[in-house]
Amino acid sequence: VDLPSPIDSQIVIETYTDSTGTECQKRYRKGNFLGKGGFAKCYELTDLESNIKYAAKWITKASLSKPRAKQKLKSEIQIHRSLEHQHVVKFHHHFEDKYNIYILLEICKNKSLNDLVKRRKRLKEVEAKCYIAQIISGMKYMNNRNVIHRDLKLGNLFLNEKMEVKIGDFGLAAKVVFDGEKKRTICGTPNYIAPEVLSSRVGHSYEVDLWSLGVITFTMLFGRPPFETRDVKLTYRKIKSNNYSFPSHVIVSDESKDFIKSLLKTDPKSRLGLDKIMDHEFLQNYPELLPASTLSCPPSRS
Ligand SMILES: COc1cc(C(=O)NC2CCN(C)CC2)ccc1Nc1cc2c(cn1)c(C)nn2-c1cc(Cl)cc(CCC(N)=O)c1
């Protein structure tokens, strides 16, 4: 096997100065394209010294011409690098060269929950319970760190080799500086956006992530988001009028429907809070982890 020559675009070089002030270089090999999101493209990047593989988000400096985009990236890095939890994607480090900014993140070999739901059409309740419990664990940690994610969705929830869920993509996250502070910028992904973000009269806070959790649970169990339509404006109208229903052809227990209803409340304050959520009927017994076989077929009804 002939290793790519250093000038080959497959090699990324990080130059840095070590503690003695000496200029050093780390070399990485660019691997498979993993996907893209926003301004970023994601590639596998292997540290040639340690052979550790990362999911590296590449953002071209050219795409950061607007100060808004630059500020958003700065905030993503600042918030994500400050977090360390079993159910939050690990932020390893970031660096830049002449053309790009590279963010090296924990690679999750089993891709995102969005890929899983698309592939399986919809998940069994035992699977939803297992994944939702892990997401709540990560949400509680973020809440303790005064961080609102604001873009929780299946595509930002990754599965590592052990089938653990990792919350990723803090591009829309915000730090709540003081209690009661309200955020105003409209952001999120249409299907998952909370009504108060759309009305933007009173501003929004932590509760927007609880709404998204309700949308995530519905989408796992029914195979599509509750307010999805062909037209984003119609989706926003359905969200604001809380207009959704459970497809009757899918058999889902009452506790699952009740769990979803307790989160998809228009009034943010009446949503089931993180302090009580683990006591809900829906989360009374579930497996710690699911076998990788469930990536392609439902768990047996054992
Ligand atoms: C081996 O690990 C992966 C493989 C794949 C994969 O096979 N993607 C293929 C790419 C080619 N197309 C045609 C099919 C899917 C996808 C994701 C992987 N892992 C993987 C991907 C990861 C992360 C961790 N781990 C993190 C963190 N951020 N991102 C990240 C970042 C961006 Cl900007 C975009 C995407 C893709 C869209 C999405 N939300 O999944 C992902």
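Biologist: Which element gives the largest share of the lining of the largest pocket?
Modeller: That's H1, with five residues. Helices here are DSSP runs of H or I with at least four residues, strands are E runs of at least two, and both are numbered from the N terminus. This is a predicted model, so local features need pLDDT of at least 70 and side-chain atom pairs 80 or more, while totals for chains, interfaces and linings use all residues. Residues are numbered from 1 along each chain as its sequence is written, and side-chain values use heavy atoms, without hydrogens and water.

Biologist: What volume does the largest pocket have?
Modeller: About 970 Å³. A pocket is an open set of points on a 1 Å grid over the protein atoms alone, with protein on both sides within 12 Å along at least five of seven lines; lining residues have an atom within 4 Å of a point. Volume is the space filled by probe spheres set on the points, which are joined across faces, edges and corners.

Biologist: And which residues lie nearest its centre?
Modeller: Lys-36, Gly-37, Lys-57, Phe-158 and Asp-169, out of 39 lining residues.

Biologist: OK, what about the second largest pocket?
Modeller: Its volume is about 440 Å³. Of its 18 lining residues, Leu-123, Lys-124, Glu-125, Val-126 and Arg-301 are the closest to the centre. Helix H3 (residues 125-144) gives the largest share of that lining, three residues.

Conventions: 1 Å grid on protein atoms, 1.4 Å probe; cavity = no way out; pocket = protein on both sides within 12 Å on 5 of 7 lines; lining within 4 Å.
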